[in-house]
Amino acid sequence: MKWKTLQPHTKQNVFTFLGLGVVWVLVAVLRAQGVLTRSAAGLLVPICCYVVMALSLNLTVGIMGELSLGHAGFMGVGAFTGVVASQSLMNAVPSVPLRLLAAMLAGALFAGVFGFLIGIPVLRLRGDYLAIVTLAFGEIIKELITCLLVGVDEKGLHIIFNYKGVKGVEDLNLSPAGQVIIKGAQGATGTQTIASFTAGMLLIFVTLFIILHLIYSRTGRAIMAIRDNRIAAESVGIDVTKHKMIAFVLSAAMAGAAGALYGLNYSNLVAAKFDFNTSILVLVFVVLGGLGNMRGSIIAAVLLYVLPEALRGMRDYRMLIYAVILIAVMLTTNSPIAQSFFSRFFRFGRKGGETE
């Protein structure tokens, strides 16, 4: 009887979490049985990272209703912060899970701080202006990371901002036992890879829980009211800047946590990875999954990340087929006839102001 009294969106959210749990168990079983190939297993952590990226960007684009094109910048901040934190704590925190948790928290914190600083001027803009400025900030963040020289020894962190490009790692003045973590344009090299699929799935669960809790809270309703009608929201006393800042900072922090996990999945990492193309890729996940549709973002991120790898055998035709599939999906999801046909099995995006 209690199940029958639940709201429809609550039931849908329960099924979403159950579905994620089933996938988690299924993948774990397949890995234990040795069914997954090495290349397929190598995709698991990046998939989790991009799912979190899609969910966090959907909070900005779908729930807040603002177009951001610099989301990869926050992922880059989280990635390099996480790498620095992990490598610095190797001796102090020998436990890999605890060190990974500390790295992800540090990545989320620093990305959230950057989100706050960027949000102060950016969130006063709307529409195309906001998109252009966030794009610019994303590129600025990437270039700032490229100028960093970071090392660690028994005295602590040594950081140089090499904006003129005339200094090298020897200028860090590390002791013989010291380690260089970030080498400017060469990025982070020699990183101990401690990321895991379990950590990725836990991050997805936490991210989804935070977003859904926000959506159905008073703050979330205020954010969606601003999205639907800014003037009406202001007229009833809603602080537009405050609520948009909450959503933007949370989105940046979750992207930073995903970046930290992503960075600790590779022994070598360069800032160029977190460029405009990555922001567009994540935006494609959000748009194809449906604005405001968190389940859709998860499915789109998984399918569209795996698809190019699955088509790798096609060689020269791989990206052509990928593009055709993207166009076909967009036409299908925006066709009333197709929507009515598939409505028995799926729900596409947001309809009538509802958020799934």
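Start with the open sheet of three strands, ordered 2-1-3 with antiparallel pairing. Strands here are DSSP E runs of at least two residues, numbered from the N terminus; two of them pair if DSSP finds at least two bridges between them. Select the edges next: strand 2 (156-161) and strand 3 (179-183) each pair on one side only. Neighbouring strands are turned by 15 degrees against each other on average, direction ignored. Axes are lines fitted to C-alpha atoms, for helices over the stretch in contact, and angles run from 0 to 180 degrees between N-to-C directions.

This is a predicted model, in which local features need pLDDT of at least 70, side-chain atom pairs count only at pLDDT 80 or more, and totals for chains, interfaces and linings use all residues. Residues are numbered from 1 along each chain as its sequence is written, and side-chain values use heavy atoms, with hydrogens and water left out.

Now pick strand 1, residues 148-153. Strand 1 forms a hairpin with strand 2, with two residues between them. Six antiparallel bridges join this pair. Show L149: its bridge partner in strand 2 is I160.

Turn to the other side. Strand 1 and strand 3 share four bridges, again antiparallel. Show G151, which stands opposite V180 in strand 3.

Helices are DSSP H or I runs of at least four residues.

Last, colour by pLDDT, the predictor's confidence in each residue, from 0 to 100. The protein chain averages 85, and 91% of the residues score at least 70. Select 347-356: pLDDT stays under 50 there, and the model has 31 contacts beyond four places in sequence for this stretch. Contact means heavy atoms within 4.5 Å.
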